[in-house]
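Hi,

Here is the structure I promised to pass on.

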Amino acid sequence: MSGPIKIALPKGRLGESVYAMFEAAGYGCPDAAEDSRKLFFESADARVRYFWAKPADTAVYVERGAADIGIAGKDILLEHSPDVYELLDLGVGRCRMAAAAKKNFEDYGTGPLRVATKYANIAREYYGGRGREIDIIKLGGSIELAPIVGLSDVIVDIVETGRTLIENGMEPIQVITDISARLIANKVSYRFRHAEITQLCERLTAV
Ligand code: PRP
């Protein structure tokens, strides 16, 4: 394997702060700061090539080898279990996966609990582990709306500052797991570009 190391970055604020880490580690690109719609850019010495992908999609690029390495949230890794190596916890994008409900909600256990979420597998595993039967209602976003309008009893979703819950009269019931951004690698790339990827990890760890 040769050519630049291909890196899938999550588009948005998290990706920008992660890119700043790569830059500080010595993997900067001259055209990265340009305000453009271009979805990829390469370092001057052609050592690395970055792509901007949807945050939920970076692991797909890495798993299938379109990118050698990438950044994915632990939420995505838990939900989709892509066949990749998880190399580093980058310590950014910290938040929690939590079950939450309207204030004073009580689960009387009569019938399946209606759970609205983007994270059906995480929710299934969590409630399965507690022996609670559930009815998953899969939504694409604004999950907090579901209990308010009576679509669900509870939600399983990301909580960062907690503001969305508070402003909508909700509260966390239980934190399921801590989340942060992870550096992941394609399994074949990791084997054949081991020295380059290891060096990159070491430099990132140092910053
Ligand atoms: C996420 C998450 C919550 C919110 C939590 O939504 O799904 O809705 O952020 O943040 P907070 O605890 O700081 O209020 P996002 O903004 O990604 O959009 P989405 O609702 O479309 O998923």
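Which residues are exposed on the other side of α4? They are E125 and G129, where exposed means over 50% relative accessible area, buried under 20% and partly exposed in between (1.4 Å probe, protein chains only). I'll come back to that helix below.

Some housekeeping before that. This is a predicted model, so local features need pLDDT of at least 70 and side-chain atom pairs count only at pLDDT 80 or more, while totals for chains, interfaces and linings use all residues. Residues are numbered from 1 along each chain as its sequence is written, and side-chain values use heavy atoms, with hydrogens and water left out.

**The chain as a whole**

The secondary structure comes to eight helices and eleven strands; helices (H or I, at least four residues) and strands (E, at least two) are DSSP runs, numbered from the N terminus. The C-alpha atoms fill a box of roughly 60 × 35 × 30 Å along the principal axes. Of the 207 residues, 42% count as buried. The chain exposes about 11,200 Å², and carbon and sulfur atoms supply 49% of that; accessible areas come from the Shrake-Rupley method with a 1.4 Å probe, and for residues only the protein chains shown count as cover. If you take the contacts (heavy atoms within 4.5 Å) between residues at least 6 apart in sequence, 67% of them join residues at least 24 apart.

**Strands β4 and β11**

What is around β4? This strand, residues 69–73, has five of its five residues buried, so the rest of the structure largely encloses it. I69, I71 and G73 point one way from β4, G70 and A72 point the other way, and all are buried. In general, the side chains of a regular strand alternate between the two faces of the sheet.

Now the pairing, which needs at least two DSSP bridges between two strands:

- β4 and β11 run antiparallel and are joined by five bridges. G73 has A181 as its bridge partner in β11, and A72 stands opposite R182.
- β5 (residues 85–89) also pairs with β11 in the antiparallel sense, over four bridges. Y85 has A185 as its partner there.
- β1 (residues 5–10) pairs with β4 in the parallel sense, over two bridges. A8 stands opposite G70.

So β11 pairs with both β4 and β5, because each of these pairs has at least two bridges.

**Back to helix α4**

α4 covers residues 120–129, and A120, I122, A123, Y126 and Y127 are buried in it. They cover an arc of only 160° around the axis, which puts them on the same side of α4; the arc is that of the directions from the helix axis to the C-beta atoms. What covers these buried residues includes α3 (74–80), β6 (95–102), β7 (113–117), β8 (134–138), β9 (154–159) and β10 (170–179). Just after the helix, G131 takes a positive phi of about 70°.

**Loops with positive phi**

Two residues other than glycine are worth a look. S81 has a positive phi of about 40°. S81 is found in the loop between α3 and β5 and counts as exposed because its relative accessibility is 54%. N104, in the loop between β6 and β7, has a phi near 70°. N104 is exposed as well, at 69% relative accessibility.

**Around α5**

S142 is found in the loop between β8 and α5, and at 59% relative accessibility it counts as exposed. Its C-alpha atom is separated by 9.6 Å from that of K118, 24 residues apart along the chain.

L145 belongs to α5 (residues 145–148) and is partly exposed at 49%. Together with I148, V149 and L151, L145 forms a nonpolar surface patch with about 340 Å² of accessible area. Patches are made of residues with over 30% relative accessible area and no salt bridge, like charges being joined within 9 Å and nonpolar side chains (Val, Leu, Ile, Met, Phe, Trp, Tyr) within 5 Å. A salt bridge here is a side-chain nitrogen of Lys or Arg within 4 Å of a carboxyl oxygen of Asp or Glu.

Cheers
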